[in-house]
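Please look over the model shown here and read the report alongside it, moving between the text and the coordinates as each region is taken up.

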Amino acid sequence: MAINPPKNVADTTALLSRGSYVADRSLATAVHLALSLKRPLFLEGEAGTGKTEIAKVLAETLGRKLIRLQCYEGLDVASAVYEWNYARQMIEIRLAESGSASKDSVEEEIFSEKFLIERPLLQALKPDLAGPPVLLIDELDRADEPFEAYLLEVLSDFQVSIPELGTVKAQEPPIVVITSNRTREIHDALKRRCFYYWIDYPSAERELAILKLKAPGIAASLSREVVAFVQKLRATPDLFKLPGIAETIDWAHALSQLDVLALSPEAINDTLGVLLKYQDDIAKIQGSEAERLLSQVKAELAGAK
Amino acid sequence: MEGTSAPQNGGNLLANIMYFARALRAAGLPVGPGQVLKAVEAVRQVGIENRADFYWTLHAVFVTRRDQRPIFDQAFHIFWRNPKLLEKMMGLLLPSLSVNDPEAETMNRRLAEALAENQQNAAPEIEREQEFDAAMSFSESEKLRKMDFEQMSNEEMERARHAVRNLALVLAENPTRRFAANPQGARIDMRATLRAQLRSSGIIALKRKRRATKPPPLVVLCDISGSMSRYTRLFLHFLHAVSRDRSQVYAFLFGTRLSNITRYLRSRDVDEALDRVASAVEDWSGGTRIGQSLAQFNRRWSRRVLGQGAVVLLITDGLDRDGGAGLDAEMDRLHKSCRRLIWLNPLLRYEGFAPKSLGMRAILPHVDEFRPVHNLESLETLAEALKQAGPRRLEAAAHWRQDLAQKAG
């Protein structure tokens, strides 16, 4: 059963939190606009800050189908939009040759919807019983510029032209979420058609709320330490890759698997690979630096009590 | 709220959004009329009861890059407290902006004068360039090609710059995962085959395709410290020439800190471009902190510009004020993030040159190629080398590393 989109920003926040997504008011505003004005939502931000998650949560809470298009270099129309089923077409031609069908009728036949293989973008334009689906175009920065240019037509008019068949237009536009890790800049022409939002690392308070939702089995005191430590790491100036929320959650899970009840320098050293993904970064933090950060964290938490 | 229902005030709000968009445009955000319409629609949707919601609504519409946020933030707070205030401020700003223009022109002229003493302005320069091309005899150009930049007189330097400007840099193309129709291709293009089949009858003629290629992005990191100052201007001309006809060129300058000058080099006029670079960069002809500058590059830019098999040109003499501190790790990171890393060093021209300084020793283990860059000929061979796909990684600079290891051992 399709659920109607939320009516205002507060409803949107509530909707997202039903899908266990803790959103800022600012993010909820952008999501609300995208839903109510039926335009794509463009999310940019560091890896592991919950960009992809939004699309999943929207599909789940609104009861829509989630159609995911993972972008990669060289992604082309054949794998993103549609392709003809060549094997079937060949067979059809052979069959027609043995019969007495005219050439025109064969042409009409083999370029009909029966022989069309639908890929994510085309699927998203087709009506769905549960209401317009959620289309997630993930990591658009990995695709190349020609594909980006192609998306312009799809995203502004929600239609696709297939030369042999004509134009396919969505009766109701899908809910589109585009994400980018910014490994290159996406062209302004595309961004202009979307509502833009930069997802930043969360504040300590919000991160704690997220951790509570995503890793419910973990002791409150440990979660506080974990969040405070990760926030300290993010403030460290010379790390190449800062840990995202995904890493925080993974780390909390890892620590609880190892039956750690409170952070200790040893526990941190053993599990640092979950948080930091570059050897240089690990080498920088491991040992005395981790100890220093941890003692700061403990002092701050003790002071707050 | 009373204001929202009264049409007159509603009209005011529309007008205000329009003025606000104009203010943003004046502040440099790319805001078009389409976005104004979108903003009005969005504000209608969200309402104006809550100031924070209103802020984020306009933010979602007008901001398209993260770095525009501070400008938007300031404009929003000034404008929506009192729209007239910003207008007044703009009024104050506008005349000064228009005054700026002639000033920029005089700057430009000054720069042109600095470039060549006997020249009055930039316009005749173009004519001169053509004259120069025609006038240069073969032997003369041969002499100039081999002459060291450091030993050139001002006039010869000027001519070298013209030659650099005409240098065509064609990069070896990387294969992409896309295919393009090609009669000699190895794969069969089924779609094209079937479509062609319908036009003719009888035997099915196979259409073929092969992998498409595209030039990789080029990233240039150029040292502008005191020891390089003799070359700097010429390299800037080189950078401008290189970025002129290609979109994916990113240029950075470093001395004690890193500056991204990609945007400034986009001006078509070389004098104007260099002028803008000159005013944007602060650490001309000072010391060098190669390690720190590269660290800045690695953290802030590498993931954004080195994505698609980029070729990196590192132009530096390797003389580091910090004695190569931290340079080794940063060079390693840089080397791992790009497809091909070429070190251009003007000192390499000397017979029996040995990389003795700590900075050079730190850089050398991590470069794929090590080339001189001190005269026109070396630039030409560089252009020639870039046309080729390049040897296996680290191989072309291998003998330098062997020498280094022998001396150490």
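## Model and overall make-up of chain B

The model described here is predicted. Chain B contains 18 helices and nine strands, and 33% of its 409 residues count as buried.

## The contact between the chains

The contact draws 33 residues from chain B and 31 residues from chain A. On the side of chain B that touches chain A, the elements giving two or more residues are helix 3 (33–46), helix 4 (51–62), strand 1 (174–181), helix 10 (190–199), helix 13 (290–300), helix 14 (302–305) and helix 15 (327–337) of chain B. Sorted by class, this side of chain B has 13 nonpolar, 10 polar and 10 charged residues.

## Nonpolar cores

The largest nonpolar core has 100 residues, and the members that touch the most others are A30(A), L41(A), V177(A), F195(A) and Y197(A). Helix 2 (residues 25–37) of chain A supplies the largest share of this core, namely seven residues.

The surroundings of F195(A) can be given in detail. Setting aside neighbours within four places in sequence, F195(A) is in contact with A30(A), L33(A), A34(A), R39(A), L41(A) and F42(A) of chain A, and also with A60(B) and V61(B) of chain B.

## Two helix pairs

Helix 2 of chain A packs against helix 4 of chain B, their axes coming within 9 Å and crossing at roughly 60°. At that angle, helix 2 of chain A is oblique to helix 4 of chain B, and the crossing of helix 2 of chain A with helix 4 of chain B is right-handed. From helix 2 of chain A, the residues R25(A), S26(A), T29(A), A30(A) and L33(A) meet A52(B), D53(B), W56(B), T57(B) and A60(B) of helix 4 of chain B. This contact between helix 2 of chain A and helix 4 of chain B has five nonpolar, three polar and two charged residues.

Within chain A, helix 12 and helix 13 pack with their axes 9 Å apart and at an angle of about 140°, so that helix 12 of chain A and helix 13 of chain A are oblique to each other. Their crossing is right-handed. On helix 12 of chain A the contact is made by E247(A), D250(A), W251(A), A254(A) and L255(A), while helix 13 of chain A contributes A267(A), T271(A), V274(A) and L275(A). By class, the contact of helix 12 of chain A with helix 13 of chain A has six nonpolar, one polar and two charged residues.

Helix 13 of chain B is largely enclosed by the rest of the structure, because eight of its 11 residues are buried. The buried residues of helix 13 of chain B are I290(B), G291(B), Q292(B), S293(B), L294(B), A295(B), F297(B) and N298(B). What covers these residues of helix 13 of chain B includes strand 4 (218–223), strand 5 (249–254) and strand 6 (258–260), together with helix 14, helix 15 and helix 16 (358–363) of chain B.

## Individual residues

Two residues of chain A call for a check of their backbone. E139(A), a residue other than glycine, has a positive phi near 55°, and it is placed in the loop between strand 5 (134–138) and helix 8 (145–157) of chain A. With 18 other C-beta atoms within 10 Å, E139(A) is partly exposed. D259(A), also not a glycine, has a positive phi of about 60° and lies in the loop between helix 12 (245–257) and helix 13 (265–275) of chain A. D259(A) is exposed, with 7 other C-beta atoms within 10 Å.

In chain B, L404(B) belongs to helix 18 (residues 398–408) and is partly exposed, with 17 other C-beta atoms within 10 Å. Apart from neighbours within four places in sequence, L404(B) is in contact with P355(B), R361(B) and L364(B). The C-alpha atoms of L404(B) and A160(B) are separated by 34 Å, the two residues being 244 residues apart along the chain.

Terms used. Residues numbered from 1 in each chain as written. Chains lettered and ligands numbered in written order. Predicted model: local features only at pLDDT ≥ 70, side-chain atom pairs only at ≥ 80, totals over all residues. Contact = placed C-beta atoms within 7 Å. Helix = DSSP H or I, 4+ residues; strand = E, 2+ residues; numbered from the N terminus. Nonpolar A, V, L, I, M, F, W, Y, C, P; charged D, E, K, R; others polar. Buried ≥ 20, exposed ≤ 12 C-beta atoms within 10 Å, placed from the backbone. Core = buried A, V, L, I, M, F, W, Y, C linked by C-beta atoms within 7 Å. Axes fitted to C-alpha atoms, helices over the stretch in contact; angles between N-to-C directions. Parallel < 35°, antiparallel > 145°, perpendicular 65-115°, else oblique. Left-handed = near helix turned anticlockwise from the far one by under 90°.
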